[in-house]
Amino acid sequence: MSDDPETARQIAELARDSRPLLVLDVDDVILEFIRPFPRFLAAKGYALGMETFRLHGNVTEIDTGAVVDRETVSGLLGAFFAAQAEWQTMAAGASEALESLSAGAEIVLLTAMPHRHRAVRRAHLEALGLTYPLLTTEMAKGPAIAALRGDGKRPVAFVDDLPHNLSSARDSVSDAHLFHLMADNSLRRLLPPPAEGIAVVEDWPDATPKIASALRL
């Protein structure tokens with residue numbers, strides 16, 4: 001069971017499926033995030049620095065250069081997610097990759113965001129033609145992936161842009177195939193090398209055959 005009770009409830013709503021399981025992050029994997037978010041911030045009078053791979057501490061006021069506090073950053077992020085349909089577009093190659101992989105795998109989207117944004121995100125994804133189940137979680141992703149897999153030993157692959165989410169998946173599903181994909185590869189310079197067992201993929205055309213092979217599709 002997921003550590004997040006609301007995520008567990010969402011998982012319980014899904015129909016049982018015995019096909020290989022492909023779990024996908026959304027921001028900067030399926031939808032662009034790090035490119036549109038600075039434009040959103042600029043429209044609100046803020047700027048995003050890229051000195052480290054995090055939001056908190058890197059958002060400043062354009063007029064004064066002052067670093068904004070955590071509460072303000074969280075509020076801006078919430079406003080962005082509320083208006084995501086105006087800002088977030090599909091990552092290059094994502095739609096074609098999912099269409100190809102869905103022929104043999106169960107695809108579930110697992111996004112780390114406040115549950116209150118789930119309906120808006122689901123509507124946006126569906127408008128883009130992505131009707132795959134969407135789960136939100138406010139806690140670690142690993143337990144949710146284990147719950148999605150169920151009691152059987154069907155193959156599991158997980159794609160995310162954040163190393164700690166991939167590590168969480170490895171801790172909960174030791175034989176999961178893990179893929180580190182970033183819609184903006186320029187940010188890789190801010191990250192340490194991936195942990196052992198995590199495959200780095202450059203984009204969706206690179207990832208698709210590797211995921212298919214891992215899931216034995």
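Helices, which here comprise H or I runs of at least four residues, and strands, E runs of at least two, are taken as DSSP runs and numbered from the N terminus. On this basis, Arg154 of the predicted model is placed in the loop between helix 6 and strand 6. Arg154 has a relative accessibility of 10% and therefore counts as buried, the limit for that class being under 20% relative accessible area. When neighbours within four places in sequence are set aside, the contacts of Arg154 comprise Asp17, Ser18, Arg19, Pro20 and Leu21, together with Glu106, Leu148 and Arg149.

The strands include six that form an open sheet in the order 5-4-1-6-7-8, with parallel pairing. The edges of this sheet are taken by strand 5 (134–137) and strand 8 (198–200), each of which has a single partner strand, so that one side of each is left without a neighbour in the sheet. From one strand to the next, the twist averages 25°. At one end of the order, strand 8 is paired in the parallel sense with strand 7 (residues 177–180) over three bridges, and within this region His180 stands opposite Val200 of strand 8. Helix 6 (residues 141–149) packs on the sheet, where it touches strand 1 (21–24), strand 4, strand 5 and strand 6 (156–160), and the direction of helix 6 makes about 160° with that of strand 4.

The largest pocket holds about 860 Å³ of space. Its lining is made up of 37 residues, of which Phe33, Leu55, Leu77, Ala112 and Leu162 are the closest to the centre of the pocket. Two or more residues of the lining are contributed by each of helix 3 (70–82), strand 4 (106–112) and helix 7 (163–172), and the largest share, five residues, is that of helix 3. Sorted by class, the lining of the largest pocket consists of 19 nonpolar, nine polar and nine charged residues.

Helix 7, one of the elements that contribute to this lining, also contains Pro163. With a relative accessible area of 27%, Pro163 is partly exposed, a class that lies between the limits of 20% and 50%. Not counting residues up to four places away in sequence, Pro163 touches His180 and Leu191; His180 is also the residue that stands opposite Val200 in strand 8. Pro163 and Ala15, by comparison, are 148 residues apart in sequence, and their C-alpha atoms are 29 Å apart in space.

Positive phi values in residues other than glycine were also examined. For Asp28, phi is near 65°, a positive value in a residue that is not glycine, and Asp28 is found in the loop between strand 1 and helix 2 (36–43). The relative accessibility of Asp28 is 6%, and Asp28 therefore counts as buried. Arg216 likewise has a positive phi, near 60°, in a residue other than glycine, but its place is in the segment after helix 8 (204–214). Arg216 has a relative accessible area of 65% and is therefore exposed, whereas Asp28 is buried.

Key. Residues are numbered from 1 along each chain as its sequence is written. This is a predicted model: local features need pLDDT of at least 70, side-chain atom pairs count only at pLDDT 80 or more; totals for chains, interfaces and linings use all residues. Side-chain values use heavy atoms; hydrogens and water are left out. On a 1 Å grid over the protein atoms alone, a cavity is a set of points where a 1.4 Å probe fits but cannot get out, and a pocket is an open set with protein on both sides within 12 Å along at least five of seven lines; lining residues have an atom within 4 Å of a point. Grid points are joined across faces, edges and corners, and a volume is the space filled by probe spheres set on the points. Ala, Val, Leu, Ile, Met, Phe, Trp, Tyr, Cys and Pro count as nonpolar, Asp, Glu, Lys and Arg as charged, and the others, Gly among them, as polar. Two strands pair if DSSP finds at least two bridges between them. Axes are lines fitted to C-alpha atoms, for helices over the stretch in contact, and angles run from 0 to 180 degrees between N-to-C directions. Contact means heavy atoms within 4.5 Å. Buried means under 20% relative accessible area, exposed over 50%, partly exposed in between (1.4 Å probe, protein chains only).
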